[in-house]
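Colleague: I would like to learn how to read the strands of a structure such as this one, going from the pairing of neighbours to the packing inside. Could we take the features one at a time, with the general idea placed before the particular case?

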Amino acid sequence: MAIDFEADMSVFFSAEEFGLSASYELTPGTPVPCIVLVDARDDTTEIGGARFVAGQRIVSVLKSQVAAPAKGGIFTVTRRGGGGVDRYVVTAKPKIEDPDGLVWTCLCDPE
């Protein structure tokens, strides 16, 4: 049986599984609907014996939904259960790190 990685990723990113409904916009007024995964784990760094916590998030989105996210773009993410939205600003050039080139990884700051 052949593995269809793109189909598997679509299921993984579905709102019924792990994904969250969202939109992406680089230019105000032009939102692109998408499904994202948000990694909200705290990233800690130790400097001179002191531990610092970075509040940045990793937002992952399928390339088929957002062709070219860019630094300065904004993801507006609907919380599960419709409890409002969170907005994340892309702070660095997004990367494609998966071997099949299907998923953008975006480093973001909460707005």
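Colleague: Let me begin with a turn: how many residues lie between β6 and β7 in their hairpin, and which residue in the turn has a positive phi?

Modeller: Please keep in mind throughout that this is a predicted model. In the hairpin formed by β6 and β7 there are 6 residues between the two strands, and G81 in the turn has a positive phi of about 80 degrees. The strands themselves pair in the antiparallel sense over 5 bridges, and within that pairing I74 stands opposite V89 of β7.

Colleague: Which residue has a positive phi in the turn between β1 and β2?

Modeller: That residue is G29, with a phi of about 95 degrees, and the hairpin of β1 and β2 has 6 residues between its strands. The pairing of β1 with β2 is antiparallel and runs over 5 bridges, with S21 standing opposite I35 in β2.

Colleague: In which sense do β1 and β6 run, and how many bridges join them?

Modeller: These two strands run antiparallel and are joined by 4 bridges; Y24 has F75 as its bridge partner in β6, while S23 stands opposite T76 of β6.

Colleague: Is S23 buried or exposed, and why?

Modeller: The general idea is to compare the relative accessibility of a residue with a cut-off, which for buried is under 20%. S23 has a relative accessibility of 17%, and therefore it counts as buried. Its place is in β1, at residues 20–25, and 5 of the 6 residues of that strand are buried. Leaving aside neighbours within four places in sequence, S23 is in contact with P31, V32, P33, C34, I74, F75 and T76.

Colleague: Why can β6 be described as largely enclosed by the rest of the structure?

Modeller: The description holds because 4 of the 5 residues of β6 are buried.

Colleague: How many aromatic pairs are there, and why is the pair of Y24 and F75 classed as tilted?

Modeller: The count comes to 1 aromatic pair. The ring centres of Y24 and F75 are 4.9 Å apart and their planes are at 50 degrees, so the pair is tilted. Y24 in β1 and F75 in β6 are 51 residues apart, and their pair thus links distant parts of the chain. Both Y24 and F75 are buried.

Colleague: Which residues touch the most other members of the largest nonpolar core?

Modeller: As a general idea, nonpolar side chains tend to be buried together in soluble globular proteins. Here the largest nonpolar core has 15 residues, of which C34, V36, V61, F75, V77 and C108 touch the most other members. At least two residues of this core are supplied by each of β1, β2, β5, β6, β7 and β9.

Note on methods:
Residues are numbered from 1 along each chain as its sequence is written. This is a predicted model: local features need pLDDT of at least 70, side-chain atom pairs count only at pLDDT 80 or more; totals for chains, interfaces and linings use all residues. Side-chain values use heavy atoms; hydrogens and water are left out. Buried means under 20% relative accessible area, exposed over 50%, partly exposed in between (1.4 Å probe, protein chains only). Contact means heavy atoms within 4.5 Å. A nonpolar core is a set of buried Ala, Val, Leu, Ile, Met, Phe, Trp, Tyr and Cys residues joined through side-chain atoms within 4.5 Å. Rings of Phe, Tyr and Trp (its six-membered ring) pair if their centres lie within 6.5 Å; planes under 30 degrees apart count as stacked, over 60 as edge-to-face and the rest as tilted. Two strands pair if DSSP finds at least two bridges between them.
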